[in-house]
Amino acid sequence: MEQSPQDHDLIRRLLAIKRHELPPAGFFDQFHAGVMGRIEANIESAELAWWERALLWFDSKPIMAGAYAIAVAGLFVCGLEFSQMIQTETAELTVDGIAIGSASTTGPASFSSGRFESSIPPVYAGPIVSASADPGSGKIIPDSSPVGPPAFLFSPSELNTRTASDGLGAR
Amino acid sequence: MEAAAEKTAETPVSTDSDEDRQLVKRAQAGYLPAYDELVRRYQQRIYATVYHMTSNHEDAADISQETFIKAHQALKSFKGDSSFFTWIYRIAVNKTINFLKQRKNKIHMSLNDLDLNAENDPDLVALVSEKTPRRDLNLSELQERLNEALSKLSEVHRLVVTMHDIQGLPHEEIGKVLGCNTGTVRSRLFYARQQLQAFLSDFIQ
């Protein structure tokens, strides 16, 4: 198709219509302010410490912040469970290679199945006795004499108690 | 006649000045009001180029803003080999072309932003009523067809038409921005006009 200069002139004049396509009134008054605002924000964020930048990042992306919080909470729960498993396994106590029982060492007390259970071994309420091993049989023979604090400690009448004023009357 | 028309289209654009250089130097030293002044100076031209390339107000606003922010970040690397205008124009053009590549097949024609004064422009009214075979064609319809035709051009051809025929940049300046010689700019312009002529043949005698 042969093109005449007039054709191009017409196209040029048509294209000139596009010069009238303008953004809404006042657009350029706000545009440069928006640009400068973002530049200032970039400069300020560059001067912040890493944790402040991270907080800003989380502020701008709440979904990501929530996801990270869930992930951290999940890791914490997993870590807790894992540490309990390890403690239970190591609670298999052995003395001289013989397992004498297992005890939960997860804590002094726990509440499971609606029952309060203490993991602290029960205190022996009977008289404290000493024991010695029989070298011949290897059995443990308890001594007949009880071992414990002197009896007078629990007999107030036998205690030699003196008050601070006791000696004053003698003078 | 074409030569005369070419001359009128190449409206002299002050693209470089001592004042610009001073502002750039002060902006490079970290003085933000100087950069603000540069933004004010070139925001309309940058916006217009991006707008005519994208045909969408929101996209044009976003890309223009990104252009000025990117330019500020790279301002330290600006050596002054070219004018600040050419340099920032190049950033805008690259950003726009990248955007258009990503946006392929998603074209928004925004005709609502047409300045109302255009309808009162006697030249345009005469152009529509006399030069087009369809007398009932109104300005908006013609503009829609024009935008459609422009969108069919390749990015480089649309860019040359936008910069020269719409914005009135001289061939030399376009060559500097696009990194090609004046002859290439002229041939691209000629080809783009031919294409537009073909696309609009049923509207233009």
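**Entry 1: the core.** I looked up the largest nonpolar core in this predicted model and found 61 residues in it, with B:Tyr35, B:Phe68 and B:Phe84 having the most contacts inside it. Such a core is a set of buried Ala, Val, Leu, Ile, Met, Phe, Trp, Tyr and Cys residues joined through side-chain atoms within 4.5 Å. Helix H3 of chain B (residues 32-54) gives the most to this core, namely eleven residues, where helices (H or I, at least four residues) are DSSP runs numbered from the N terminus. I noted beside this that in soluble globular proteins nonpolar side chains tend to be buried together.

Before going on, I wrote down that residues are numbered from 1 along each chain as its sequence is written, and that chains are lettered from A and ligands numbered from 1 in the order in which they are written. Local features need pLDDT of at least 70, and side-chain atom pairs count only at pLDDT 80 or more, while totals for chains, interfaces and linings use all residues; side-chain values use heavy atoms, with hydrogens and water left out.

**Entry 2: B:Phe68.** Leaving aside residues up to four places away in sequence, I found that B:Phe68 touches residues of chain A, which are A:Phe31, A:Val35 and A:Ile39, and residues of chain B, including B:Tyr35, B:Val39 and B:Ile88. Contact here means heavy atoms within 4.5 Å.

**Entry 3: chain B as a whole.** I read ten helices and zero strands (a strand needs at least two E residues) in chain B. Of its 205 residues, 49% are buried, that is, under 20% relative accessible area with a 1.4 Å probe and protein chains only, whereas exposed means over 50% and partly exposed lies in between. Among the contacts in chain B with a separation of 6 or more, 71% join residues 24 or more positions apart.

**Entry 4: B:Ser55 and B:His57.** In the loop between H3 and H4 of chain B I came to B:Ser55, whose phi is near 60°, a positive value in a residue other than glycine. Most residues other than glycine have a negative phi. B:Ser55 counts as buried because its relative accessibility is 9%. B:His57 lies in helix H4 (residues 57-73) of chain B and is also buried, because its relative accessibility is 11%. The side chain of B:His57 makes a polar contact with that of B:Tyr47 at 2.6 Å, a polar contact being a pair of N or O atoms within 3.5 Å, one able to donate a hydrogen and the other to accept it.
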